[in-house]
Amino acid sequence: PRQPAKTLWYDRPRYIYLEFCVEDSRDVKVVIDDQRLVFSCKNADGVEFYNEINLYAKVLSKDSREKRSDRSITCFVRKWKEKVAWPRITKENVKPAWLSVDFDNWRDWEGDEEVERAMVEQYAEV
């Protein structure tokens, strides 16, 4: 049986960030379409995780990436329209129980673009 992974998200001027909280993940698959993200993996115990998100707005799938660590898989999804805030991550105005705002990373955008660019470049190098 599949279950959704606990997911944190936050919004930035150019990207939406999603963190799928699965430790020791394997068989990680992330598919990002223009308006949808599908995530799946297994953990060390063989539990299958699956999340499907119909995104709030259109994204640039070719400019989107993911990075796996021992504790989670982070996706940064390039917005189609930069500098437009997303009030939520999902198209539907319903928040799934497994989805939460990452308040540790949520902040005002003022002067944030350089920080964001550095973060994305850091991820891309790994």
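**Exercise 1.** In this predicted model, determine which residue of β6 stands opposite F39, and describe how strands β5 and β6 are joined.

*Solution.* Step 1: F39 faces N51, a residue of β6. Step 2: Strand β5 covers residues 36-42, and strand β6 covers residues 48-54. Step 3: These two strands run antiparallel and are joined by 7 bridges. As background, strands of a sheet pair through backbone hydrogen bonds, in either a parallel or an antiparallel manner.

**Exercise 2.** State the order of the strands in the open sheet that contains β5 and β6, and explain why one side of β1 and of β4 lacks a neighbour in the sheet.

*Solution.* Step 1: The open sheet consists of 4 strands in the order β1-β6-β5-β4, with mixed pairing.

**Exercise 3.** Locate F76 among the strands and decide whether F76 is buried or exposed.

*Solution.* Step 1: F76 belongs to strand β8, residues 73-79. Step 2: The relative accessible area of F76 is 2%. Step 3: Buried means under 20%, so F76 is buried. Step 4: Y10 lies 66 residues from F76 in sequence, and their C-alpha atoms are 9.7 Å apart in space.

**Exercise 4.** Describe the chain as a whole by its elements and its share of buried residues.

*Solution.* Step 1: The chain has 9 strands and 1 helix, arranged along the sequence as β-β-β-β-β-β-β-β-β-α. Step 2: Of its 126 residues, 37% are buried. Step 3: The accessible surface is about 7600 Å², and carbon and sulfur atoms account for 46% of this surface.

Notes:
Residues numbered from 1 in each chain as written. Predicted model: local features only at pLDDT ≥ 70, side-chain atom pairs only at ≥ 80, totals over all residues. Heavy atoms only, no water. Buried < 20%, exposed > 50% of the residue type's maximum accessible area, 1.4 Å probe, protein only. Areas by Shrake-Rupley, 256 points an atom, 1.4 Å probe, with all protein chains shown as cover. Pairing = 2+ DSSP bridges.
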